[in-house]
Every structure is written in structure tokens, then in C-alpha cells.
Amino acid sequence: MSEKNLQYELIPLGTIKVSPNAIANIAYHAALESYGVVGFTSKNLVYGLTQAIVKDPTYGVDVHYDGKEIDIDLYLIIEYGTRIKSVAHSVSNTVRYHVEKALGISINEVNVHVRGLRISDID
Amino acid sequence: MLDSLAASTADFNPTKSVNGRMLKRLIEAGLTWLHSNQQIVNTLNVFPVPDGDTGTNMVLTMQAAFDEIKHSNETNFGKMAHTVAHGALMGARGNSGVILSQLWRGFARALDNLPVLEAQDFARALAEARDTAYKGVVRPVEGTILTVAKDIAAEAEHIFHTTDDFLQILESVVEAADRSVQNTPALLPVLKEAGVVDAGGKGLYFILEGMLRYLKGQALDIVVGTIQPLSEMVLQNTLETIEPGQDFEVVVDFRPTAAIDLPAFYGMLEQMGTSIQVGEGEGIYRVHIHVPTLNLYAPIDYTRSIGTVTRVAIENLIDQIDGRKSSCVESAPVLTPVEPGQIAVVVVSPGTGISRVFASLGASAIVDGGQTMNPSTQMIAKAFEDLPTDKIIILPNNKNINLAANAAREVSVKEVAVVPSNSVPQGLAAMMRLIPDGNFDNVVSEMKQALEEVQSGEITCATRKVEMNGIQVEEGQIIAILNGKLVYSCPGVEEALLNLLSIAKADQYELITLFYGADILPVEATNIADKVQSHFQSQVIEVQEGCQPHYQFIVSIE
């Protein structure tokens, strides 16, 4: 590569658009890696049915974008026997961190809805 | 703290089997040793700004576990283990704390009502602890505390066939934990990139090592022979661990004339006082120690004998236990009284200077908190519960505190709004829009709008090496953060500040306010402000004492 090729001007290249689905996807994977989260559940029954037919990897994640701020809602199943408050807190932190890291956009709210517990052992 | 540890160990032979009382002492030993090494664990965090998390969370979790058994005289090992697990569960903080509590839960379940623990029970319990912990996550990430739990369980299952000596078993378990921790970067790329081992795993290692050290009769409250870089000495935190009789905090900077013999050096310091920390940077050593009045000058005399003393700072701790903050002028902010029906603003502030500024703008309540010490929901809620009005606005002034502020809003019966300020400058900009007698919704939306109109800069020190946003940061370097993003790094504060301002295009704004931190002297701040003024001649530069820890400067550009 010659010296000349390395010199170029910075020109606007176009716009980048990220769909809420893509954000939901990142949030989904981040939440699943978070300790204490054992699954997702749907926001409501109707939504759950459509999701059951069209299986997509954003099940239980809702992303709202009102043109200014991004809010993420997570509908989760947590492992029985963990401190739910702490788990919810770290899920919300992890999701925020991963989404913000991937997109470089700041997130307004990450809301965690605990919809159920999975019981694998009873002490 | 260790008084009860010194008490009798003679109830039985501790190396063949362990009963409930012994477990209590082991837990205390693990907690104490983890506490001594808390800062080491905290510096392993993967994000470069000071964000004292994993170590602190694990200590708080273990502390809750110990508090639960502190007054118990239970001799049954199984019952005691269940109480520990319960305490850990209730006090679990953060990801690592939750995992730790699950490890205890599994450990306790395996033992049920077992009166004493023997070698094979220990192996069985560790295996159960591992299984329980793994159940709590769908996709276990290897190279974390989970991996360490797995490796120690494997080691225990292997070793108990060859010996029934509990001390020997614990010794090989601790060695296995150490190997496992050292191996975490090989399993988790993010650790390798950052050049650190896993913090949670290291924390678990310290808990086990503390138990082993106790059985061997080694000291638990000092970090033997560790020297940290100057930038990593977090002296603010040492105030939490004041022992009775240690009336003064002495910090001495000196240039040694010959190489320091660490064990001997520590040995001398240990005779003088407690809470010893030693830092090193560019040939200068900094010693931090708490001493009784009698020994006040002993550290200074001693360091003079082995080098040239360059700076000495002495603080009266007794005077500070209530007032916390050190180097800043101590004058409590005068809060604005609020009338019934008026709007009251609750502010989270990282430093006393910043609190005073907020108070002068009309804040009615102030909660201490910032990057490394996020206040709890209760602390925020308590701050406004007693105010004689039910219209409350919260300014969290830090992204990490937003959540707690929102939770406080939910638990309160009052009309509460959170104006999500992510930084102190944003909070101040919002504060300017406060009209105490105005319409609540209008004031809130005015304040939210104000957030956009200011740029927030921060100058701090990187706690470790990292590459982010294409910027290479060395440990101990000064980094500049603009609106939450790392934008520049270099060795000097002044250079970082000037570059931050030019990246923020401060020449297109009117007012630059510099809040200098607890580590910066007023003279230094004025000098730097003069430099800034010479570069930005048409802007108004204001210098304010912020007293915030960790951040040399917080900059507001508006």
C-alpha cells in the first residue's frame, strides 16, 4: 500500500440504523449470561402465543424507543433460592452495560419483571 | 475484630473434624482475610474507572453471613452451615455475592444436620455447592467464580481418598483455587484482554485462604509484603476500619535511600499501628498507617531513618469518625428548608464541596454517594421521607444510582420524580431550573430538558490497563471521560483536562466549571485553571472545591 492510499478525507458515509429487535437480541443474551436468570416468559398470553408460533430470540424482551430514549423491559424466570432483588439488580446492570457497549447509545431504563421462579431444589 | 478468634481452639482436634463453633471461626477468618484483600479484588474489575464492586460485594455478603452466626453457640456443624447460608442469602450483593450465597446454600444442604464435618463430607459438600451454583444460570460462563468452585470441588473429591487431615485437604483446596484463578484469563477472553484474573474467583480464593491461614495461625488483618501503585491506594476506605485506640492516621511520603526489605519494613510498621498500606510510584513510597497517640511520630521517625521524607499528613481519626471526609474543609452544607406544598429536591452528591454547591442552589436533602459508593434505595427514601412536603424531585447524578432513585420513587407514597442526571454537571444544570413553588410537572420537564444542555467531563485515574474506543490506557494513567465515554488518556492531569475540553469543543460554549477532587490541592487547581483560561480566553472559567474521591476533576461545560 502506498503512502498516498493511506490519506483520505473523512466524509459522511450515511446513516446507521439499529432495529429494536437487534437491541432486544443483545439484551436477551446478556440477561441469559447473568447469574440467577434461568429463563424468559412472555409479557402476556396473546403475545406468548404468537411468540410460540414464531420462535425468535427476543422472547421476553421488550424494547421501547420513543425517538429520544431507549427503555428495555425484561420478563424473567429466576432460580428459586437466590436473592431476587440482587439478581434483578445485576441483570439490569449487565444488560445496560452490554447494550451500551455494543451500541454506544445510552439506555434510559432497564426494567426487570420477575414473572416466575424455577424450583430445582428445596432446602 | 479477631478477639473471638484468639479464644480457645481447644474444644477438639481441629484437623480431623470440624464442628459448628469451629465453622464460625473459619467464617470469621475468611471474612477478615477477604476484607484485608478487598482492594486487590476491587482493582480486578473489568471496567477502567474506579468502580469498587466485586470485592466490596463479596465482603458485604460474607459480613451478612457472619452477622447471622455472630452470637450463636451452635455446635452442630450442619445447623451452623444452614445459618451461614441463610445470612449469605439475605445479604447477597451483586452477581458475585449471589453466586457466593448459592455456594453456601449448596454446601449447607449437603450436610443437613451433620454434627461434625469430616474429610469426605467436606468433599461432598463442595460438590453440592458447585452443583447448586451451576443450576442458577442457563449459560454458565467459564473463567469465573463458578469455574473456581468447580475446580476446588474436583480437588477435594480427589484428595480425601489420600488423607483425612482437614488441614491438608484445605491446603490443597486453596492451592487448587489459586491455580484455577490464575487460569481464568485462558478461559474468558475479556479477562485476557484486560490483563486481569477473575475478581469473583479471586475473592473466593481469599475466603478459603483466610480459613487456611487461621488454621495455621497466620495473621489475617494485614496484607503481607504487598505494595500497590500509588494511584490505587484508596485511603478513603480505610476510615471504615478504625480500631479503638488508633487515634491518628499518618500518611508519610518518602524516598528510600536503599532498597526496602519489605518483611522487615512491614514488621516495624506492625509494631506501631494498624490499617497499614504501602504504595509506590516513581521512586516515592507512601505509607498509610493508623497509630495510637503515643506512637504518633514513630512512623515519621522510622521512615526518616531509611530515607528522605518528602511529605507528611496527620489526621485525627476520632474527630473524623462522625464526619468521614478527610482533606477537605469541613463545613456542613446549609440545606434549604422546604415549606409544605413546595417542591423539594434530593441530591446524591459524591463530595462535600459539591454538596455545598447543590445546597446553595436550593437542595433540601443530600445523600452521600457516587461512583464507588452507590447509596441504597432506603438511604435515598429516608432522605426525603421526613421532609414536610410531598413533592419530591431526585437528582441521582450518576448513571448507576438511577435505579436506586427510581426504586425509592416506587416505595414512597409521596409524589416523586427522578430527573435522571448522569453526572454532577447535569445535576447542577437541572438544579438551576428549580422553582420551589412552580407546577410540579412543568418543573420536572424543565429540569429534564436542562440535562441536555450541558456537557459533563471527568478526569480520573485508570485502575488498570485497557484498550477501549481505540484508546490505549496504561494502568495509573490519567483518563478523560466526556459524557460517559473514554476520550483521551495521558500521564498528566493538566494535559488530560485540556484535551477533554478541546474534544468537547469548549470554545463554542460560554462557561467552564471545574470541580476539583479531594486529591487536588487548591493551589494546583488554580494553576490548572489558569492554563485552561489561557487556552480558552473567551470562556468564563469557574473553579469550585468538589472534594469528590477518585475524580481529580469533574467538569461542566455549558
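This is a predicted model: local features need pLDDT of at least 70, side-chain atom pairs count only at pLDDT 80 or more; totals for chains, interfaces and linings use all residues.
Local features require pLDDT of at least 70, side-chain atom pairs count only at pLDDT 80 or more, and totals for chains, interfaces and linings use all residues. Residues are numbered from 1 along each chain as its sequence is written, chains are lettered from A in the order in which they are written, and side-chain values use heavy atoms, without hydrogens and water.

In the interface, 32 residues of chain A contact 27 residues of chain B (heavy atoms within 4.5 Å). The buried area is about 2600 Å² (accessible area, 1.4 Å probe, lost by two parts on being put together, summed over both). Carbon and sulfur atoms give 50% of this area. Between the chains, 0 salt bridges are counted (a side-chain nitrogen of Lys or Arg within 4 Å of a carboxyl oxygen of Asp or Glu).

Over all chains, the count comes to 15 salt bridges. Arg96(A) pairs with Glu100(A), the closest N and O atoms being 3.7 Å apart. Arg96(A) is buried at 8% relative accessible area, and Glu100(A) is buried at 13% (buried, under 20%; exposed, over 50%; partly exposed, in between; 1.4 Å probe, protein chains only).

In chain B, Arg109(B) and Glu128(B) form a salt bridge at 3.3 Å between the closest N and O atoms. Arg109(B) is buried at 16%, whereas Glu128(B) is partly exposed at 24%. Asp253(B) and Arg286(B) meet at 2.7 Å, N to O. Asp253(B) is buried, with 6% relative accessibility. Salt bridges also link Arg130(B), Asp131(B) and Glu157(B) in a network.
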